[in-house]
Amino acid sequence: MTEMTTSAHSGVENSLHSGAGSGSLGNEAGSKALDAAHEASRENASRRQASSIQMRGLHKRFGKDTVALNGVDLDIEAGEFFTLLGPSGCGKTTMLRILAGLEEADDGRLTIGGKDVTEVPPHHRSVNTVFQSYALFPHLSVRENLAFGLKMRGMPQAQREQKVAEIAGFIHLGDLIDRRIDQLSGGQKQRIALARALVCEPDVLLLDEPLSALDAGLRSQLQVELLRVQKRLGMTFVFVTHDQDEAMVMSDRIAVLNGGNIQQVGAPRDVYERPANAFVARFMGHDNLYRITARQGGRLTTEIGELEVEEQEIEEGNQHATQGELVLIRPETLDLKPGRVEGVNHLPGRITERLYRGSHAEFRIEIGSVVLQATVNNRGRHLPEVGDEVTVVVAAEDLVTLSE
Amino acid sequence: MNKRNFKRGLKGFWWLTIVFLYLPLAVVMLFSFNAANSAAHFTGFSLRWYIKLFGNQEIISAIGNTLVLAIVSSVIALVIGCLIGYGMYRHRHRKLGWLIILIYLPIVLPDIVFGISEMAFFVQIHQLTGFLKPGLGTMIIAHVTFEIPFVALIVYSRFVGLDPSLFEAAKDLYATPFKRVMHFMLPTIKPALISAFFLSFTLSVDDFVISFFTSGPESATLPIYIWSAIKKGISPEINAIATLMIGGVALAAVMSLLLNRRRAT
């Protein structure tokens with residue numbers, strides 16, 4: 001135990017030394033760039049080694065009954081935009097706080113950039129956080145807020161000012177730099193909180209639902225900006241959200257959490273199109289889950305009718321796929337044909353509700369005693385009306401079987 | 001009574017309140033400049049009572065005692081109360097209701113009860129150990145004691161008004177515990193500290209009851225001096241002292257206001 005702590009501490013010292021080293025390099029590059037192109041200096045100053053993250057058996061409980069993390073194993077690659085996705089209370093924020101060092105795991109190890117940081121306090125970790133409430137210091141100006149982390153690490157003032165100017169240019173803060181915090185709008189605060197974390201050039205940047213307090217337009221604008229920043233800096237980003245759309249837009253990979261357990265880790269397409277279980281499917285917005293009552297190879301008897309699924313899907317290493325007791329029909333994969341048409345994976349139904357959304361329309365279709373949601377693109381052709389008899393056609397390769 | 005009359009009545013009531021609050025003060029201030037030795041007839045403007053006052057060694061030493069007592073006790077109360085206020089904030093999620101009530105108690109306790117108990121306590125200790133002889137020392141202890149809850153509550157409410165993630169942001173941005181205090185906590189609660197200091201100062205200057213019971217023969221403060229002087233009858237000299245005190249307290253209030261406003265703009 002003692003040995004581990006010592007190694008952790010020397011690890012910190014190393015990282016501090018390397019931090020100072022890269023800082024002075026950045027300064028050199030910056031002063032050269034004053035003569036040369038300014039853009040080039042920014043690139044130089046902000047490029048740094050990204051760090052990978054390993055979590056092994058992380059446990060965390062609050063009080064007697066609340067399990068926040070239940071033995072989590074997770075690997076995040078260097079330079080990845082990684083999202084922790086789940087409903088409130090799923091453990092995603094706890095995981096982020098353990099990464100930041102603001103919370104200590106009861107059990108398990110955490111490694112960042114090859115160094116064990118399980119017991120390293122936050123002020124000795126090269127990790128910075130963008131807080132949900134932004135957490136900008138009210139007694140300081142924007143400029144002083146940006147310089148806070150550098151000042152605490154003892155960077156000389158001249159160098160500090162240069163770094164702050166660089167980041168302000170990079171995030172396009174412009175004339176906000178001399179404002180007081182209470183003179184800023186939500187979106188401006190968000191960008192300053194991001195700049196304040198980035199200017200420290202951490203190995204890992206943590207983002208705790210940073211966009212959740214913003215309105216939709218600003219939100220998508222900042223999503224694009226965040227992506228741009230991450231791609232240019234090549235930094236490892238760990239992003240927490242409960243919004244599956246946001247997770248899919250932003251992430252290289254997503255971990256879906258529930259009840260302190262990881263449900264699935266994968267690229268956005270995997271998680272959306274091949275959910276590992278019913279929880280992930282429902283959380284990603286899928287409602288068309290139907291119970292399988294009997295199966296023969298790829299032939300399924302389900303509560304919605306007879307379906308054929310592709311055999312190859314069964315071999316995809318996903319163990320649940322073979323034994324899954326549910327079949328998922330994604331609403332945007334199906335076709336609607338007017339009237340009654342016979343065929344494999346053809347389901348007869350009647351439209352009970354239609355929501356016209358311009359670019360597409362959403363239908364509720366009764367098939368026997370169950371309901372199916374369908375999304376159909378509005379290609380200018382005839383859209384079925386409420387009460388119409390239709391045949392729902394699904395492709396075998398779009399069907400996914402999964403377990404509860 | 002119709003609505004308009006009711007409004008007129010409220011307005012009249014407001015002015016009546018102001019009159020009762022400030023007219024006596026105005027009268028005292030006016031008569032402190034009276035040329036004649038009279039509390040009934042104003043015969044002409046004069047500074048003779050002020051000149052007489054500053055020639056009186058007893059009054060000078062009372063002013064000195066009052067200032068030393070107010071400044072020293074406020075500074076000590078500020079440090080201790082600040083720590084208590086932070087402690088209350090840090091542990092606000094624990095079940096510490098009874099501790100908070102302990103902090104509140106001196107505020108609601110009648111001064112006379114507080115003063116008598118302090119006196120009995122100091123006398124006992126003095127008889128047993130020879131320490132804590134009634135005087136400026138015991139008065140400072142007593143004043144610190146009743147100022148602490150005010151400081152603690154002001155500091156506590158400032159901390160409660162802060163976004164809790166600010167504390168985490170400071171940690172996250174590499175601030176060691178010491179730097180967190182110097183660069184985040186103290187600057188952030190500075191307005192509260194200024195208000196708390198001036199409130200303590202004013203309470204101390206204002207206090208008569210507790211001072212009276214804990215003072216010694218050499219440590220009369222202005223309120224104590226006034227009380228003993230007034231037994232011989234109200235003299236214009238007393239009016240002059242009262243005017244000086246009003247001026248001093250008003251100055252402290254304005255200074256605290258200005259210091260806080262400078263930060264806000």
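Guide: This is a predicted model. Start with strand S3 (residues 81-85) of chain A, which is joined to S8(A) by 5 bridges, and the two run parallel.

Visitor: Which residue of S8(A) stands opposite Leu84(A)?
Guide: Val240(A) does.

Visitor: What about S7(A) and S8(A): parallel or antiparallel?
Guide: Parallel. Strand S7 (residues 204-208) of chain A pairs with S8(A) over 5 bridges. Within that pairing, Leu205(A) has Phe237(A) as its bridge partner in S8(A).

Visitor: How does the chain get from S7(A) to S8(A)?
Guide: Through helix H7 (residues 216-233) of chain A. That makes a β-α-β crossover, and the crossover is right-handed.

Visitor: How many residues of S8(A) are buried?
Guide: Strand S8 (residues 236-241) of chain A has 6 of its 6 residues buried, so the strand is largely enclosed by the rest of the structure.

Visitor: Which residues sit on which side of S8(A)?
Guide: Thr236(A), Val238(A) and Val240(A) are on one side. Phe237(A), Phe239(A) and Thr241(A) are on the other. Both faces are covered, and all of these residues are buried.

Visitor: Why the every-other-residue pattern?
Guide: In a regular strand, side chains alternate between the two faces of the sheet.

Visitor: OK, zoom out. How many helices and strands are in chain A?
Guide: Chain A has 11 helices and 20 strands. Of its 404 residues, 38% are buried.

Visitor: What share of the chain A contacts joins residues at least 24 apart?
Guide: 67%, counted among contacts between residues at least 6 apart in sequence.

Visitor: New topic. What is the strand order in the open sheet with S11?
Guide: The order is S13-S12-S11-S14-S20 in chain A. That is 5 strands with antiparallel pairing.

Visitor: Which strands stand at the edges there?
Guide: Strand S13 (305-308) and strand S20 (400-402) of chain A. Each has a single partner strand, so one side of each has no neighbour in the sheet. The average twist from one strand to the next is 45°.

Visitor: How many bridges between S11 and S12 of chain A?
Guide: There are 4 bridges, in the antiparallel sense, between strand S11 (residues 289-296) and strand S12 (residues 299-302) of chain A. Arg295(A) faces Leu300(A) of S12(A) across that pairing.

Visitor: And the sheet with S15: what order?
Guide: S15-S19-S16-S17-S18 in chain A. This one is also open, with 5 strands and antiparallel pairing. Its edge strands are S15 (335-338) and S18 (370-377) of chain A, each pairing on one side only. Ignoring direction, neighbouring strands are turned by 45° against each other on average.

Visitor: What joins S15(A) to S19?
Guide: 4 bridges join S15(A) to strand S19 (residues 389-393) of chain A, and the two run antiparallel. Asp335(A) has Val393(A) as its bridge partner in S19(A).

Visitor: Last stop, the interface. How many residues of chain B are in contact with chain A?
Guide: 15 residues of chain B are in contact with 17 residues of chain A.

Visitor: Which elements of chain B give two or more residues to that side?
Guide: Helix H7 (165-172) and helix H8 (177-206) of chain B. H7(B) gives the most, with 6 residues.

Visitor: How do the residues on the chain B side divide: nonpolar, polar, charged?
Guide: The side of chain B that touches chain A has 7 nonpolar, 3 polar and 5 charged residues.

Note on methods:
Residues are numbered from 1 along each chain as its sequence is written. Chains are lettered from A and ligands numbered from 1 in the order in which they are written. This is a predicted model: local features need pLDDT of at least 70, side-chain atom pairs count only at pLDDT 80 or more; totals for chains, interfaces and linings use all residues. Two residues are in contact if their C-beta atoms, placed from the backbone, lie within 7 Å. Ala, Val, Leu, Ile, Met, Phe, Trp, Tyr, Cys and Pro count as nonpolar, Asp, Glu, Lys and Arg as charged, and the others, Gly among them, as polar. Two strands pair if DSSP finds at least two bridges between them. Axes are lines fitted to C-alpha atoms, for helices over the stretch in contact, and angles run from 0 to 180 degrees between N-to-C directions. A residue is buried if 20 or more other C-beta atoms lie within 10 Å of its own, exposed if 12 or fewer, and partly exposed in between; C-beta atoms are placed from the backbone. A crossover is right-handed if, with the strands pointing away from the viewer, the path from the first strand over the helix to the second runs clockwise.
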